Amino acid sequence: MKAAFEEASKGMRKNEGGPFGAVIVKDGKIIARGHNMVLATNDPTAHAEIVAIRKASKKLGRFDLSDCTIYSTSEPCPMCFAAIRWAKIKTIYYGCSVEDAASIGFDDKKIREELCNAREAQIEVQMIELDKAECLELFKEWANKKDKKMY
């Protein structure tokens, strides 16, 4: 989780995106890192988890990441949750909840209501909150960031 936190901090401080970072681990080693790149790329799908999944898939030469685990500073949004499922990742460790993200302006409640609640829909996926206090520090920094651009 520390590596995901560092990735989020790096991207946020470079104004590449919000306070979100993710790493993918295989056999106890980090194989891919990603942070939110929405602002840097003008790509609304460039969330940390998506960036990390793309890097991991490229590195491994396959789309099936079922032997990997993802660590994210925030509970995945519906898009990222779906991508994690498509990648067949079975365990998600996350820092902050969707409610925490909403408290700093990243509210996907309407999207979740339109689709389905990922927490209830999980059948084969474990979602485990981890290191929330540290990840909330990123959210606090974002909330107080003077040069942030909301998206």
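Strand β1 (residues 21–26) pairs with strand β2 (residues 29–35) in the antiparallel sense, over 6 bridges. The model is predicted, so local features need pLDDT of at least 70 and side-chain atom pairs count only at pLDDT 80 or more, while totals for chains, interfaces and linings use all residues. Residues are numbered from 1 along each chain as its sequence is written, and side-chain values use heavy atoms, with hydrogens and water left out.

**Exercise 1.** Classify the pair Phe20–Phe139 and the pair Tyr71–Tyr93 by ring geometry.

*Solution.* Rings of Phe, Tyr and Trp (its six-membered ring) pair if their centres lie within 6.5 Å; planes under 30 degrees apart are stacked, over 60 edge-to-face, and the rest tilted. This rule gives 4 aromatic pairs. For Phe20 and Phe139, the centres are 5.7 Å apart with 75 degrees between the planes, an edge-to-face pair. Phe20 lies in the loop between α1 (2–13) and β1 and Phe139 in helix α8 (residues 132–144), so the pair ties together parts 119 residues apart in sequence. Both Phe20 and Phe139 are buried (under 20% relative accessible area; exposed is over 50%, partly exposed in between; 1.4 Å probe, protein chains only).

For Tyr71 and Tyr93, the centres are 4.7 Å apart and the planes at 10 degrees, so the pair is stacked. Tyr71 is buried at 18% relative accessible area, whereas Tyr93, at 23%, is partly exposed.

**Exercise 2.** Characterise the lining of the largest pocket.

*Solution.* The largest pocket holds about 450 Å³ of space. Of its 22 lining residues, the closest to the centre are Phe20, His47, Cys77, Phe106 and Asp108. Among the elements, α4 gives the most to the lining, with 3 residues. The lining divides into 14 nonpolar, 4 polar and 4 charged residues (nonpolar: Ala, Val, Leu, Ile, Met, Phe, Trp, Tyr, Cys and Pro; charged: Asp, Glu, Lys and Arg; polar: the others, Gly among them). On a 1 Å grid over the protein atoms alone, a pocket is an open set of points where a 1.4 Å probe fits, with protein on both sides within 12 Å along at least five of seven lines; lining residues have an atom within 4 Å of a point.

Note on methods:
Pairing = 2+ DSSP bridges. Helix = DSSP H or I, 4+ residues; strand = E, 2+ residues; numbered from the N terminus. Points joined across faces, edges and corners; volume = space filled by probe spheres on them.
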